[in-house]
Structures are given as structure tokens and as C-alpha cells.
Amino acid sequence: MRLADLISDQGELLLQDAGIEFPARAVSYILLIGERRKISTADIAKLLRQPHQVATQRVELLITSAIVERIADPQDGRRKILRLTPSGIEQFGRLQACLEKAARAFAGLFEEIECDMPAITRRATEALEQRSVLERVRAL
């Protein structure tokens with residue numbers, strides 16, 4: 001758990017240093033909204049496999065911060081979609097540049113520790129999706 005906490009704490013500092021004005025827990029939201037251009041909160045919750053309530057709270061934080069705005073869907077007036085504000089577009093660009101540098105830094109880290117961490121993480125995730133920790137403990 002220490003590694004996850006360390007990466008999270010250092011990630012927050014990285015975002016602050018890049019002039020990013022939203023918390024790390026909202027990064028995936030900004031990426032989805034920025035890449036998709038227009039997406040609903042329900043779509044985000046589904047894609048990120050998060051409860052709708054969590055997605056709504058994060059979206060409200062971004063709306064309050066004037067990074068995201070909610071508008072009526074031109075094809076379905078009942079549906080509300082999200083899009084980046086001009087400030088959000090600027091923040092999205094900063095985030096993309098920051099993530100590109102972070103990817104290069106992590107590639108160097110993985111080379112330094114001689115471990116393909118993304119591949120190992122994927123394998124561990126797939127194994128746990130196939131057979132949960134509970135199932136593994138019960139099998140002992």
C-alpha cells in the first residue's frame with residue numbers, strides 16, 4: 001500500500017507543479033470529457049465503473065471550479081452533457097503535457113527497477129478478476 005500512497009501523494013505535487021487546478025481524483029474525468037468532447041455524468045460513471053453518486057460529486061466539483069459546464073444535449077433535451085469550459089480546455093492541455101512527461105518518467109523508473117510494472121499490474125488485475133482474493137483464501 002505504501003507504493004500506491006507514495007505515487008498518489010507525488011502525483012498531487014506533480015499536478016500542482018504543472019499548474020493544474022483540480023485534484024488528482026478528477027484526472028480521469030477531465031480526460032474523458034476532453035477526449036470525448038461531450039459526455040454525460042452517467043456515461044462517465046459507467047466507463048469508470050464508479051457509483052453514479054461518486055461521479056456526480058466529482059462533476060459538481062469541476063463545475064464549481066469552472067472547468068466543466070453542463071449543457072442540454074441538442075439531440076435529447078432531457079439529457080445533460082458535460083463539456084470543458086475555456087479554462088477547462090487550457091487545463092486539459094496542461095494535463096496532457098504533464099501526463100506525457102510523467103509517462104516518460106515512469107518508463108525510466110521501470111527501466112531502473114527492471115520491472116514492467118504496467119504489464120504486471122494488468123496480469124494481477126486479470127488474475128483477480130478470474131479468481132478473487134476471497135476465493136483464493138477460501139481455497140487454503
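In the predicted model, Ser-40 is in contact with Arg-79, Lys-80, Ile-81 and Leu-82, its neighbours within four places in sequence being left aside. Ser-40 is found in the loop that joins helix H2 (27-36) to helix H3 (41-48). The relative accessibility of Ser-40 is 6%, and because buried means under 20%, this residue counts as buried.

The relative accessible area of Arg-83 is 31%, so the residue is classed as partly exposed. Between Arg-83 and Ala-45 there are 38 residues of separation in sequence, and their C-alpha atoms lie 15 Å apart in space.

The protein as a whole contains 7 helices and 2 strands. Read from the N terminus, the order of these elements is α-α-α-α-β-β-α-α-α. The radius of gyration of the protein is 18 Å, whereas the globule rule gives 14 Å for 140 residues; the value for the model is well over that of the rule, and the protein is therefore more spread out than a compact globule. The C-alpha trace spans about 55 × 40 × 20 Å along its principal axes. Of the 140 residues, 26% count as buried. Among contacts with a separation of 6 or more, 47% are accounted for by residues 24 or more positions apart.

The packing of two helices, H1 (residues 2-17) and H5 (residues 86-112), was also examined. Their axes come within 11 Å and cross at roughly 135°. The crossing of the two helices, H1 and H5, is right-handed. On the side of H1, the contact is made by Ile-7, Leu-14 and Leu-15. On the side of H5, the residues that make the contact are Leu-95, Cys-98, Ala-102 and Phe-106. The residues of this contact comprise 7 nonpolar ones, with no polar and no charged residue.

Backbone geometry was considered at two loop positions. Arg-49 has a positive phi of about 55°, although this residue is not a glycine. The position of Arg-49 is in the loop between H3 and helix H4 (52-64). Its relative accessible area is 75%, and because exposed means over 50%, Arg-49 is classed as exposed.

Glu-114 is likewise not a glycine, and its phi is positive, at about 55°. Glu-114 lies in the loop that runs between H5 and helix H6 (117-130). With a relative accessible area of 72%, Glu-114 is exposed.

Definitions and conventions. Residues numbered from 1 in each chain as written. Predicted model: local features only at pLDDT ≥ 70, side-chain atom pairs only at ≥ 80, totals over all residues. Heavy atoms only, no water. Axes fitted to C-alpha atoms, helices over the stretch in contact; angles between N-to-C directions. Helix = DSSP H or I, 4+ residues; strand = E, 2+ residues; numbered from the N terminus. Left-handed = near helix turned anticlockwise from the far one by under 90°. Contact = heavy atoms within 4.5 Å. Nonpolar A, V, L, I, M, F, W, Y, C, P; charged D, E, K, R; others polar. Rg over C-alpha atoms; globule rule 2.2 N^0.38 Å. Buried < 20%, exposed > 50% of the residue type's maximum accessible area, 1.4 Å probe, protein only.
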